[in-house]
Amino acid sequence: MIYSSELIKGTLKTIVLKLLADNNKMYGYEITQKVKELTGDKIQITEGALYPTLHALEADELVTTESEFIGKRVRKYYKLSPSGKLKTKEKVNELADFMNTMKFLLDIKTA
Amino acid sequence: MYHISDTQIDFILNDISARGVEMESLQQNLLDHICCIIENKLEDNGDFEAFYRQTITTFYKEHLWEIEEETIRLLIFKNYYTMKKTMIYSGAATTALLLFGIFFKFMHWPGASAMLVLGIFIACFIFLPLAFTLRIKEKQNTRDKVVIGIGIFSSILLSLHVLFKVQHWPFANVLGIISLIILMALFLPAYFFSGIRQEETKINTIISSVLMVIGCGLILILMRSPYNVRSQNIRYTAHFLRNEYLIDGMLKKAIAMNDTSAALSMAQQKQSAIFTVCKSLKQDILEGVCGVSQFDASFESKEDLITDGSIKDVFENNARVEEKLKQLAQLMDEYQSFRKDAALPIDSKKILDLKDDRANNALATLSQIQMMLLQK
């Protein structure tokens, strides 16, 4: 089962922030692959959603970037800033809390 | 692993940009991303172009530039909040500064004009431009955007007009007239006719339009018409000239009566010094404010008119003139120590306040001092 893009949309920022917190610095393609690998292909982040989010995080100064030349092309690595680290904790806690609420609201019995 | 050549990289980059992605950092991101996919998925001897064409289509629903559009939307959304916050804070600051400024001005407390100037500046250069930027984002059609643009522009001009007016800066009236013309002849009709067409904005449009007409009307009532100003100035000038004739007459009489060979007493010496300083100050004021130092009966046809403009600049721009004023105050003190019985029409301590006065008033005061002296 692949989750719908609506479900991913609201949590993408949190996913990206958490991945960066666990992996120091990452580039776009690496992030999509990592998510695929960790979720067993259940969550596939599209390019169309990932890059706008990365740019927004950069504008919010939650991440910093480093450019690296690979032959003729430039690879942009993303890394959490100090405020990004705080924000990650905040976002992960918020999502955890949200999931508990959803469980209660939708009356989901966990095994 | 497929090896991508430099020409292929150029090809991809050109294609991304041809597909409408213009932001450089986004171009680089997408380029690297596609290269990674190709390197990982394409066989060594695979068909680069076919694989690329197929891969790039998985990036979007209809067009590649949707990614850039989404990026810009997110970035603007971020600025949107900061802008809105700044607008609210600057609006609050303007309101507070104007309210306190007006109150202080009424009470004649210090700091009033600093507050008013700052308040109007914030309104003109932070609040109103931000209000403009945020409002046009909400509007869809160009017509509404233009209407808001004209409205905000004329409000800025009108606020600056008031600021220039109270600060006695040049071109205040020009600003006022231009802003009122734009407001009444351009903005109001455009606003009225675009708003009245839609049922939901009809009533609000009518009310706001009427309020605007009332507001502009009140400002215009307060403004003096050029005709009025001219006839007022003619009266000031005629008044000044009559005083000059009186002084001349009195002076001739005094000279005829005095024995010129006798030495002048100390009081008389002071008297004559005061008289000379007054005369010279009057000339400085006339030159500074009206541009001429001599008036005659044909002043009206020559348009040599005395105004009620502030004479502050005459003193601020010329230390010598200011010095004369101080000298006058001192001479008046000395004169009164010789002639305790002779009251002058103005207290010497208040003489220095003359530099904040209006031209017509200051001239009248100086003439009165001369006349009083001639009566002794």
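A salt bridge is taken here as a side-chain nitrogen of Lys or Arg within 4 Å of a carboxyl oxygen of Asp or Glu, and a search of the whole structure on this basis finds 18 salt bridges over all chains. The structure is a predicted model, in which local features need pLDDT of at least 70 and side-chain atom pairs count only at pLDDT 80 or more, whereas totals for chains, interfaces and linings use all residues. Residues are numbered from 1 along each chain as its sequence is written, chains are lettered from A and ligands numbered from 1 in the order in which they are written, and side-chain values use heavy atoms, with hydrogens and water left out.

Chain A contains five helices and three strands, helices (H or I, at least four residues) and strands (E, at least two) being DSSP runs numbered from the N terminus. Along the sequence these elements follow the pattern α-α-β-α-α-β-β-α, and the C-alpha trace of chain A spans about 55 × 30 × 20 Å along its principal axes. Of the 111 residues in chain A, 36% are buried, where buried means under 20% relative accessible area, exposed over 50%, and partly exposed in between (1.4 Å probe, protein chains only). The accessible surface of chain A comes to about 6800 Å², of which 56% belongs to carbon and sulfur atoms; accessible areas come from the Shrake-Rupley method with a 1.4 Å probe, and for residues only the protein chains shown count as cover. Among contacts in chain A (heavy atoms within 4.5 Å) between residues at least 6 apart in sequence, 49% join residues at least 24 apart.

With Lys and Arg counted as positive, Asp and Glu as negative, and His and the chain ends not counted, chain A carries 18 positive and 15 negative charges, whose mean positions are 3 Å apart. The place of each charge is taken as NZ of Lys, CZ of Arg, CG of Asp or CD of Glu.

Within chain A, a salt bridge links the side chains of A:K76 and A:E58 at an N to O distance of 3.5 Å. Because A:K76 lies in strand β3 (residues 73–80) and A:E58 in helix α4 (residues 47–59), this pair ties together parts that are 18 residues apart in sequence. A:K76 is buried, at a relative accessible area of 10%, while A:E58, at 26%, is partly exposed.

Strand β3 of chain A also provides A:R73, which pairs with B:E39 in helix α2 (residues 24–41) of chain B, so that this pair joins two chains; the closest N and O atoms of A:R73 and B:E39 are 3.2 Å apart. A:R73 is buried at 3% relative accessibility, and B:E39 is likewise buried, at 17%.

In chain B, the side chains of B:E49 and B:R53 form a salt bridge (3.7 Å, N to O). Both residues belong to helix α3 (residues 48–57), where they stand four residues apart, about one turn of the helix. B:E49 is partly exposed, with a relative accessible area of 42%, as is B:R53, with 37%. Elsewhere, salt bridges that share partners join A:R73, A:R75, B:D32 and B:E39 into one network.

A negative surface patch is formed by B:D313, B:E316, B:D353 and B:D356; patches are made of residues with over 30% relative accessible area and no salt bridge, like charges being joined within 9 Å and nonpolar side chains (Val, Leu, Ile, Met, Phe, Trp, Tyr) within 5 Å. One of these residues, B:E316, is found in helix α12 (residues 312–316) of chain B and is exposed, with a relative accessible area of 55%.
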